[in-house]
Amino acid sequence: MIELGFPGSLAIMDFEKSLMLGKHFLIGTVELPPYIEIRKRHQNGTVIEIDGFVHQIIRFLSKKFSFTFEYIESASDGSCNNNTCNGLIGMLIRGEIDFIATGLAMTLSRSHVIDFTFPFESDPINLLVPYPRKNSTLGSILDPFQYKVWIMIVVSLIVCAYVLSWFGYFQTRWFSGDTINSFDGKREHVRRRGKIADHIMFLLSVLVNPGYHVSPGCGEAFRVLVAGWCLSAIVISNSYNQSIKSFLMLPTYKPVIGSLDELTENSEYSFVVKKYSSIWANMIEAETGPFAKMGNILRNNPENSLETLDDIKDLVINKKRVLGQFSSSNLVTVEEDLKTTGECHLYGTEKPFDEHRISFGIPKNSHIKNHFLSHEIMWLKQSGLLEHWKKSYWPRKNRCSAPISTQPSSKNEKLTFNYLSGAFLLLAVGLGTSFVAFVAELFTHQCCRRAKRSNNSSKSTTSAFSALEITE
């Protein structure tokens, strides 16, 4: 049997473990719920009471390895520029703290000056925006059908009304037993080639009430076309009636800003971010892409790089700012506002524009480097304790933070032209059949007129002969 072991690494880890036992550590932190929540501070600014997901990890390690600790608070994570570092990063490099424990993101620029442990969380980054606006009821009335369907209905209505108008004109002119000269008041009716507006109103009434009565004086072509329109109207009206209720009862919402790309093209809202955070640093350092655009905006508008995040609700709602930060932090903000007001004012966008891995920050080449702390974090992750603590501190989904896309889409699905193509096919068949009926009706009428004229001629000839015989 072969035993696999790494005695050198185990020896280093045991050595690092011995460095932790009974020691007192200065831990740099920044308040960033749900990772770190500072509950109470002393008058001089020192942290007295603290809680959060990261604090639970520190507490567990301190009990396991019998070390003590105290938190040193900073205003920001920090960044480096021209070999000068500020915030927690600068404090760590100068030796003012032993390591960093907060929602510290692992970035390339930071890895050049400090080391990171094994990541204990991966957090998406999204935008905090005003809660999506509810669509108007007027818009909901038109929502059951796709715009192509509405266009087809209007076009079909106009075409059918025009065809009915011409049918009426030809029937009055050709199928009437009187000559045009004997029309009296009908002459103007013939010249107008039918009343299109009257036929549009007639077809609309059939669309609303498919059982509309057709007067017996109409021709067969007229009846066939109206029959085709009735069949299509039954399909269209029933489809609309089945869908309109769901659109009125289940309102849809439109996000003010849905993604970072939309924000770059929006002139009403502007992007803000906490200064010296990992999000801020990535955008300032970016040279191409959307991050570079946002970086230029931040450089040109220094007021959009916030020193602190005091009144986030007022910032987003009244000042029309869109805040970029960790999705977990946005969830906390949304939940706190819901608890305070009982209404939905804030919303975290569904589509994240980046994702950062979170870990502890330690000095370069530190004795408590990857071997020991990373080993303990991996053990906590595999044991399920990290997930257990996460469930305790991460806000649960509520009616304000639930993604809008989770609303039942099947009940609010717009009916496209593909769904209703059969109804318009019926109408096309009815239109074609009506033309055939009109030609047949015209042919029959002409035959009848010729037969009638022939009979009249025969009668006239017979009468003439009879009159001649009487005269003789």
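Student: Over the ring of which residue does the charged end of Lys390 sit?

Tutor: The charged end of Lys390 sits over the ring of Trp394, 5.3 Å from its centre. The term applies if NZ of Lys or CZ of Arg is within 6 Å of the ring centre and within 35 degrees of the ring normal. This is a predicted model, in which local features need pLDDT of at least 70 and side-chain atom pairs count only at pLDDT 80 or more, while totals for chains, interfaces and linings use all residues. Residues are numbered from 1 along each chain as its sequence is written, and side-chain values use heavy atoms, with hydrogens and water left out.

Student: With which residue does Lys390 form a salt bridge?

Tutor: Lys390 forms a salt bridge with Glu121, the closest N and O atoms being 3.0 Å apart. A salt bridge here is a side-chain nitrogen of Lys or Arg within 4 Å of a carboxyl oxygen of Asp or Glu. This pair links distant parts of the chain, with Lys390 in helix α16 and Glu121 in strand β9 (residues 121-130), 269 residues apart. Helices (H or I, at least four residues) and strands (E, at least two) are DSSP runs, numbered from the N terminus.

Student: Glu121, buried or exposed?

Tutor: Glu121 is buried, with a relative accessible area of 12%. Buried means under 20% relative accessible area, exposed over 50%, and partly exposed in between (1.4 Å probe, protein chains only).

Student: Back to Trp394: with which residue does Trp394 form an aromatic pair?

Tutor: A search of the whole structure finds 15 aromatic pairs. In one of them, Trp394 pairs edge-to-face with Phe53, at 5.4 Å centre to centre and 85° between the planes. Rings of Phe, Tyr and Trp (its six-membered ring) pair if their centres lie within 6.5 Å; planes under 30 degrees apart count as stacked, over 60 as edge-to-face and the rest as tilted.

Student: Where do Phe53 and Trp394 lie in the chain?

Tutor: Phe53 is in helix α2 (residues 53-65) and Trp394 in the loop between α16 (385-393) and α17 (417-471), 341 residues apart. Both Phe53 and Trp394 are buried.

Student: New topic: Lys64. Which residue is its salt-bridge partner?

Tutor: Lys64 forms a salt bridge with Glu376, the closest N and O atoms being 2.8 Å apart. Glu376 lies in helix α15 (residues 370-383) and Lys64 in helix α2, so the pair ties together parts that are 312 residues apart in sequence. Glu376 is buried at 5% relative accessible area, whereas Lys64 is partly exposed at 39%.

Student: And over which ring does the charged end of Lys64 sit?

Tutor: The charged end of Lys64 sits over the ring of Trp379, 4.6 Å from its centre.
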